[in-house]
Each structure stands twice: as structure tokens, then as C-alpha cells.
Amino acid sequence: RKMPLRRPPTLDLAVRGAALQITLTDIVYEDPALLDDDSDDEDDDEEQKDPLLALETIVVSIIVRRVGKSRRLRAEISAEVTGLTLCYATYDARFRDTNLKRFRGEAEEEFDEDEPPPSTKPRSLVYRGVHFRNLAVRLVARSPFGARHLGTIQLRDETADLEKNFKSRIQTFAWIQGLAVRAVANVGFDVMDAAFSGAASAVT
């Protein structure tokens, strides 16, 4: 499954010293769990319409270097992401049913990707780290009675391995899932129980 973009992002190309910089701004992915919802209620809370993933800016830097004294060239790629917000929505108080699990689906084999055999040839493309600034996870409790915003958890800045964590869909999904799990650990299940109890009492 794919995450549809809410709107086309802004693209900018620039040369900074020896690096080519590709800047993408305002990247917003819709939540497929909401797109699959057959509800016709036009008065849904705003939390119900949260995008799955929103990024303010991604800057990808590409530097071409000569390898040693040879004539061979190698491109090194790194990235910096500013303002990443993940909406992690649960449909029960124990996170057994979440928007991420609905996005991935029951058939995990859809995410399986054959790993290419290791190559002994010199690499012409090298992936460096990706630095994340201003990470946040927005927690939302969704139920048949509506949606409740439980708070936004700010996570510290961090650096991930661009090739190890984002080379395939399954690796990218695992990294995103890790962000969500850390946010839930900061909140606790007592808060989730109270949120779902409050949503139910509001209509009874």
C-alpha cells in the first residue's frame, strides 16, 4: 500500500560548495486508515483528519568525491529532516489496532523485499546518516464515538543510518513504528484507558 500525498511538495535545487542540495518542503502524507473509513459523518473532529506523516523540510545533500588517487568517482548522500510529526492513532486502549497496523495490513509478505546479494565491486554510491530535528508524535484515540487528541510527545533529535533504516519499505516502516512505541511508553496505558472511557461516556 502507498501513502497518498495531500498535495505536491515544494522542490528546490541549489549548489552549496561541492554539494548539490535537493530541498523538499511541506510533505504531508494522508492516513490510509482514514481514507478506508466508510463513515459519511462530515462533523468528524479535526483529530480524525490528521495526516499520518508530516515533514516540514527534507534537505538531501549529494557530494561527488574522487576515491583515493584513482579516477573513480563516488557519490555520498546524506539528509537532514526538520519538523517530522507522526500521527499515531489507536482504535483500542492497548494499541492492538492502530493506524500503522491498518496501513501495513495483515499480510506482512506484502512488505517483504528480496535483499540483493552483497557485491564485491567498489561502491559508487554511499549513503551517510540522516539527521532528524524536532521529532514529534501526535497521539490520537479513535473510536466509533469520535477522536480525542491525547497529546503530542516531543522526542529528542537523533541521527539514523540512511541505508540501514530507509533502504526498503519494511525498514522505513520499522523505524516509524519505533517512534510510535517510544511515544506510547512516555504516556502509558492509563491515559489510553481514560481517553476511551471519556469518549464512551460522552455519548451515553
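A: Of the 204 residues of the protein chain, 37% count as buried, where buried means under 20% relative accessible area with a 1.4 Å probe, protein chains only. This is a predicted model, in which local features need pLDDT of at least 70, side-chain atom pairs count only at pLDDT 80 or more, and totals for chains, interfaces and linings use all residues. Residues are numbered from 1 along each chain as its sequence is written, and side-chain values use heavy atoms, with hydrogens and water left out.

The chain holds 5 helices and 7 strands, which are DSSP runs numbered from the N terminus (helices H or I, at least four residues; strands E, at least two). Their order along the sequence is β-β-α-β-β-α-β-β-β-α-α-α.

Now to your hairpin. Strand 1 (residues 10-16) pairs with strand 2 (residues 19-29) in the antiparallel sense, over 7 bridges; two strands pair if DSSP finds at least two bridges between them. Within this pairing, L11 stands opposite L24 in strand 2. The hairpin has 2 residues between the strands, and G17 takes a positive phi near 65 degrees.

A word on confidence: pLDDT is the predictor's confidence in each residue, from 0 to 100. Its mean over the protein chain is 78, and 75% of the residues reach 70 or more. Over residues 42-48 the pLDDT is below 50, though this stretch has 13 contacts in the model beyond near neighbours in sequence; a contact means heavy atoms within 4.5 Å. Residues 199-204 also have pLDDT below 50, with 5 contacts beyond near neighbours in sequence.

Conventions. Buried means under 20% relative accessible area, exposed over 50%, partly exposed in between (1.4 Å probe, protein chains only).
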